[in-house]
Amino acid sequence: MRKPILLLGEYDVGKSHFGGQLLGRLREAKGALRMTSAPATLAPFDGVLVRLNQGKAAGHTGAANYRESFWQVADAEGRTMDLVWPDYGGEQVTSLRNDRRMSPDWRKRVETSTGWVVMIRIHNSHVPDDIFSRPLHSIGERPAAPKGFVMSDQAKLVDFLQWLAFVRGTGTLERITEPRLILLLSCWDELPQDEIGNRPWDVLRLRMPMVAAYLEANWEPGALHVLGLSALERALSEDTVDEEYVDRGPESFGYMVQPDGTRDKDLTLAITPLLRA
Ligand SMILES: Nc1nc2c(ncn2[C@@H]2O[C@H](COP(=O)(O)OP(=O)(O)OP(=O)(O)O)[C@@H](O)[C@H]2O)c(=O)[nH]1
Ligand SMILES: [Mg+2]
């Protein structure tokens, strides 16, 4: 079964590094999903894999790039599928969202994908402070109101998902079962100590309550998954070598966070819910 995935993530959320790490794990064949035949090419993730093996981060993907890779994968029960995994410059999603226009290629992806994987860099996303989240004594020091109307991060995401569902013709009179949706809260390792041990849903409810409420109201529970992801486990630099990465290899790093808050080194678990359709 061919499974085109609509991977949605803006600039700098970690799409390319996750793609590279996921490809590495699938080839290793030690996790819940494994590759059944070697992919014809490691592109577009070859560059990321080379950099990670050198203990360095890769650069940003060119804004105009869109490339897909085809992976034949199987789970432990022997179910096989062809996963179509993309990599592209996150600016494309930003302009889709801002311009409310999409090319025929993007429209086809929205219409034909069996699953949507949405990545947000959770540490950078939160509700601005207000009287409910700030101590009362600090209210006098209110920051200047922004000039003009600015949509919050969470309102932007809800608005975008509503629009995509509309483009696809997905009605919301009943809860959505297709496309399945996985929300990956990426760069989980960046979260502060008092949040890093929490469950992904709780972190989402705290940082983006409107998104949490929207997803719960519109998706069928079995078709909706909110998971944590730290594809690299730590910050890497583009210039300085991380010796431990070189010694132990990128396959020793990275984890996903299960719904109950436990960590698992098997990054393929971050996408297995897509294949249970
Ligand atoms: N701390 C930490 N940093 C990460 C992780 N994954 C990626 N990063 C860093 O986040 C930055 C963005 O990652 P990319 O994978 O390039 O993001 P992208 O979504 O492909 O970005 P564009 O190509 O610009 O669309 C890079 O500097 C990475 O080193 C992670 O799990 N933890
Ligand atoms: Mg990229």
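Reader: Strand E4, residues 80-88: mostly covered or mostly open?
Author: Mostly covered. This is a predicted model, and in it seven of the nine residues of E4 are buried.

Reader: Which way does E1 run relative to E4, and how many bridges join them?
Author: E1, residues 2-8, runs parallel to E4, and three bridges join the two. Pro4 has Val84 as its bridge partner in E4.

Reader: And E3 with E4, parallel or antiparallel?
Author: Antiparallel, over nine bridges; E3 covers residues 66-75. Glu68 stands opposite Pro86 of E4.

Reader: What sits between E3 and E4?
Author: Four residues, and the two strands form a hairpin. Gly78 in the turn has a positive phi of about 85°.

Reader: What does the side chain of Ser230 do with Glu233?
Author: A polar atom of the Ser230 side chain lies 3.0 Å from the backbone nitrogen of Glu233. The Ser230 side chain also makes a polar contact with the side chain of Asp189, at 2.7 Å.

Reader: Is Ser230 buried or exposed?
Author: Buried, because its relative accessibility is 0%. Ser230 belongs to strand E7, residues 224-230. Leaving aside neighbours within four places in sequence, Ser230 is in contact with Trp188, Asp189, Gly254, Tyr255 and Leu267. Glu233, by comparison, counts as partly exposed because it has 28% relative accessibility.

Reader: Changing topic. Which protein atoms are donors to the magnesium ion, ligand 2?
Author: Ser16 OG and Thr61 OG1, lying 2.0 Å from the ion. The pair links distant parts of the chain, 45 residues apart: Ser16 is in helix H1 (residues 15-28), and Thr61 is in the loop between helix H2 (46-53) and E3.

Reader: Why does Ser16 count as buried?
Author: Ser16 counts as buried because its relative accessibility is 9%, and the cut-off for buried is under 20%. Thr61 has 21%, so it counts as partly exposed.

Reader: How do the axes of H1 and H2 cross?
Author: The two axes come within 9 Å and cross at roughly 80°. H1 is therefore roughly perpendicular to H2. Ser16, His17, Gly20, Gln21 and Leu23 make the contact from H1, with Val48, Leu49 and Leu52 on the H2 side.

Reader: Cis peptides next. What is omega between Ala43 and Pro44?
Author: About 5°, a cis peptide bond. Pro44 is in the loop between strand E2 (33-35) and H2. The bond from Glu178 to Pro179 is also cis, with omega near 5°. Pro179 lies in the loop between H5 and strand E6 (180-186).

Reader: How far apart are the C-alpha atoms of Gln154 and Phe253?
Author: They are separated by 30 Å, and the two residues are 99 residues apart along the chain.

Notes. Residues numbered from 1 in each chain as written. Chains lettered and ligands numbered in written order. Predicted model: local features only at pLDDT ≥ 70, side-chain atom pairs only at ≥ 80, totals over all residues. Heavy atoms only, no water. Buried < 20%, exposed > 50% of the residue type's maximum accessible area, 1.4 Å probe, protein only. Pairing = 2+ DSSP bridges. Donors = N, O, S within 2.8 Å, 3.2 Å for Na, K, Ca; no water. Polar contact = N/O pair within 3.5 Å; in protein donor to acceptor, adjacent residues only side chain to side chain. Contact = heavy atoms within 4.5 Å. Axes fitted to C-alpha atoms, helices over the stretch in contact; angles between N-to-C directions. Parallel < 35°, antiparallel > 145°, perpendicular 65-115°, else oblique.
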